Amino acid sequence: METIVDSVDIPISGAEGSGMEEAGILQNVQDSVGEVQVDNLGNDEHNLDDEQHKDSHLESKNQNKILLEDLASRSSELRHLQEKRDLLKAAIKMSSCDQHPIDFYVKQLSDQVEARRQDLAKMEAQWDAQRIVLEEEKMRLEEALRATQPEVYVKFKKLEEIDEETECIIAEIKRREEEVCELSAELEKQPNLEPRKTYIQRIIEITKNSRKQDVDVDKILKDTRELQLESNSIQERLHRTYAVVDETIFREAKKDPAGKQAYRILTSIHDSFEQIAERLHDTDRARRERADIEAKLANMTSRSLDIEKLRADLDAVKNENDLLERKILSNSSKNSP
């Protein structure tokens, strides 16, 4: 239904005429399907032992269901396209009409929406009444079937359960397919990265190298501890030997002038060796520091330095220094009498 206002057609959402026709077609198909199902149910009551007839009943039921779903989807698609077309036409006519303001059309649309809402409420009430009648008829038939043929009734209930499970499974499959489509679209949007196997291989190689380095470090630490223990043992033995020799020569020095000379030589030798040991330690420390500095220097030279930027920074520092020197000189000249 369309309302004509000054040559402007304002469509009701959903093209009521076509919607009613489609609803009538759908109702007729549903009625025919219900009649086919009732006929099939009656035939089942009279031919319980005929397996061929049961198979044909299931096949016809599935075909009817598929036809209903196809008709419903096509009707919904057609209705949606007609709504879009009518809305576009009405919007174009409204934008080109200067006789009425926009509020006038908004009020007209609100009235039509309210009328449409009332029509829908009436249709829902009619459908509720019809549904109650159909449910009562279905319950009556089921009660009659259970009273006359309980085995067939049990099979009928099992078929209904199977249909419900099938519908649930189909809905779940559709939902999963939609999720797969969404995830596939997101995956295509993601940047092309290296395969996961490459990262796993790199991690394995890094782990192997780390373990190998841990073994080497443990070996070096073990050798270092052994050398430290050996060095400490040698130093202790050297101190004990020096203490014994020093005491012996010191006793002889009290009795013999040659012993005094030997004691002085021993003291001089001991001092010289202590100085040599200290120089060796200093040399080793300096060698390690030199290696560290060389490594840092190599690291710095490997980096890409911006020479122009360094020169600009250096010039800026020089200018700041000159400015500070001038300020200092000016302050000192002002303070001087």
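This report describes the fold, salt bridges, cysteines and surface patches of a predicted protein model.

## Basis of the model

Because the model is predicted, local features are reported only at pLDDT of at least 70 and side-chain atom pairs only at pLDDT 80 or more, whereas totals for chains, interfaces and linings use all residues. Residues are numbered from 1 along each chain as its sequence is written, and side-chain values rest on heavy atoms, with hydrogens and water left out.

## Overall fold

The protein chain contains 7 helices and 2 strands, where helices (H or I, at least four residues) and strands (E, at least two) are DSSP runs numbered from the N terminus. Read from the N terminus, the order of these elements is β-β-α-α-α-α-α-α-α.

Of the 337 residues in the protein chain, 12% are buried; here buried means under 20% relative accessible area, exposed means over 50%, and partly exposed lies in between, with a 1.4 Å probe and protein chains only. The accessible areas themselves come from the Shrake-Rupley method with a 1.4 Å probe, and for residues only the protein chains shown count as cover.

## Salt bridges

There are 19 salt bridges in the model, each defined as a side-chain nitrogen of Lys or Arg within 4 Å of a carboxyl oxygen of Asp or Glu. In helix α3 (residues 102-148), Glu-135 and Arg-131 lie 4 residues apart, about one turn of the helix, and their side chains meet in a salt bridge with an N to O distance of 3.2 Å. Both partners are partly exposed, Glu-135 at 39% relative accessibility and Arg-131 at 30%. A further pair in helix α3, Glu-143 and Arg-146, is separated by 3 residues, again about one helical turn, and forms a salt bridge at 2.6 Å, N to O. Glu-143 is partly exposed with a relative accessible area of 42%, as is Arg-146 with 39%.

In helix α6, Arg-285 and Asp-282 are 3 residues apart, about one turn of the helix, and the closest N and O atoms of their salt bridge are 2.8 Å apart. Arg-285 is partly exposed at 40% relative accessible area, and Asp-282 is partly exposed at 42%. Elsewhere, salt bridges link Lys-138, Glu-142, Lys-157 and Glu-160 in a network.

## Cysteines

The structure holds 0 disulfides, a disulfide being a pair of cysteine sulfur atoms within 2.5 Å. Cys-168 is exposed, with a relative accessible area of 54%, and Cys-181 is likewise exposed, with 55%.

## Surface patches

Patches are made of residues with over 30% relative accessible area and no salt bridge, with like charges joined within 9 Å and nonpolar side chains (Val, Leu, Ile, Met, Phe, Trp, Tyr) joined within 5 Å. Ile-265, Ile-269, Phe-273, Ile-276 and Leu-280 make a nonpolar surface patch of about 500 Å². Within this group, Leu-280 belongs to helix α6 (residues 257-302) and is exposed, with a relative accessible area of 57%.

A negative surface patch is formed by Glu-177, Glu-178, Glu-182 and Glu-186. Glu-177 is located in helix α4 (residues 150-189), where its relative accessibility of 48% makes Glu-177 partly exposed.

Conventions: Lys and Arg count as positive and Asp and Glu as negative; His and the chain ends are not counted. The place of a charge is taken as NZ of Lys, CZ of Arg, CG of Asp or CD of Glu.
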